Amino acid sequence: MLRWLQDYPRFLEVAYDLTQRLLRPFRRWLKPGGAVERLFVGAEQAGKGAVFNCQMCGQCVLHSTGMTCPMNCPKNLRNGPCGGVRADGRCEVKPEMRCVWVQAWERSQHMPAYGHELLNVLPPVNRRLQGTAAWINDFTGAAQQNPAGWIDIRDIQTI
Ligand code: SF4
């Protein structure tokens, strides 16, 4: 539907920043488990679904992945392509599609504000947030909390 918008990553990162700024004053109402979350889930399914084919992981990392949803990778990889990406940039599992991470790299080159974040190592996706509102998880901090037993890459670097 609106997938073509992904090829305007500069516009999308500006839209991301703007949305975050607009929502910040209302953060005290952005809580999980109520009508507000249901509203956000519906809005994210419709909006991000149309543009990014959002899979509702609840832990959105679009601005760190070239405005390309990593959950569209058939292997759900959150940190770059697997070893099977084809020489022409296509997916080894679904040869009819371009590798999500090839697209993420290309788009990140046109993102002056967040493009560098593509090099950050992301934690594994927290499946317990599946189906919840990513914006709310972002504001409550749930999206940044790693479940017990997971090691944050920033902790590894300081050891
Ligand atoms: S990273 Fe998660 S929340 Fe963001 S677009 Fe992809 S599936 Fe949706």
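How many nonpolar, polar and charged residues does the shell around the ligand have, by class?

1. **Ligand shell.** By class, the shell has 11 nonpolar residues, one polar and one charged. Here Ala, Val, Leu, Ile, Met, Phe, Trp, Tyr, Cys and Pro count as nonpolar, Asp, Glu, Lys and Arg as charged, and the others, Gly among them, as polar. In total, 13 residues surround the ligand, and the closest are C54, C57, C60, C69 and M71.

2. **Basis of the model.** This is a predicted model, in which local features need pLDDT of at least 70 and side-chain atom pairs count only at pLDDT 80 or more, while totals for chains, interfaces and linings use all residues. Residues are numbered from 1 along each chain as its sequence is written.

3. **Overall fold.** The chain comprises five helices and zero strands; helices (H or I, at least four residues) and strands (E, at least two) are DSSP runs, numbered from the N terminus. The radius of gyration of the chain is 16 Å, close to the 15 Å that the globule rule gives for 159 residues, so the chain is as compact as a globular protein of that length. The radius is taken over C-alpha atoms, and the rule is 2.2 Å times the number of residues to the power 0.38.

4. **Helix α3.** The buried residues of α3 are V100, W101, Q103, A104, R107 and S108. Seen down the axis of α3, these residues fall within an arc of 155°, so they line one face of the helix; the arc is that of the directions from the helix axis to the C-beta atoms. An α-helix has 3.6 residues a turn, so residues three or four places apart point the same way. The buried residues of α3 pack against α1 (9-23), where contact requires C-beta atoms, placed from the backbone, within 7 Å.

5. **Two positive phi angles.** N53 is in the loop between α2 (35-52) and α3, and has a positive phi of about 55° although it is not a glycine. N53 counts as partly exposed because it has 15 C-beta neighbours inside 10 Å. A residue is buried with 20 or more other C-beta atoms within 10 Å of its own, exposed with 12 or fewer, and partly exposed in between, C-beta atoms being placed from the backbone. M56 is found in the loop between α2 and α3, and its phi is near 55°.

6. **R128.** R128 lies in the loop between α3 (100-108) and α4 (134-140). R128 is exposed because it has 11 other C-beta atoms within 10 Å.

Definitions and conventions. Near = placed C-beta within 6 Å. Contact = placed C-beta atoms within 7 Å.
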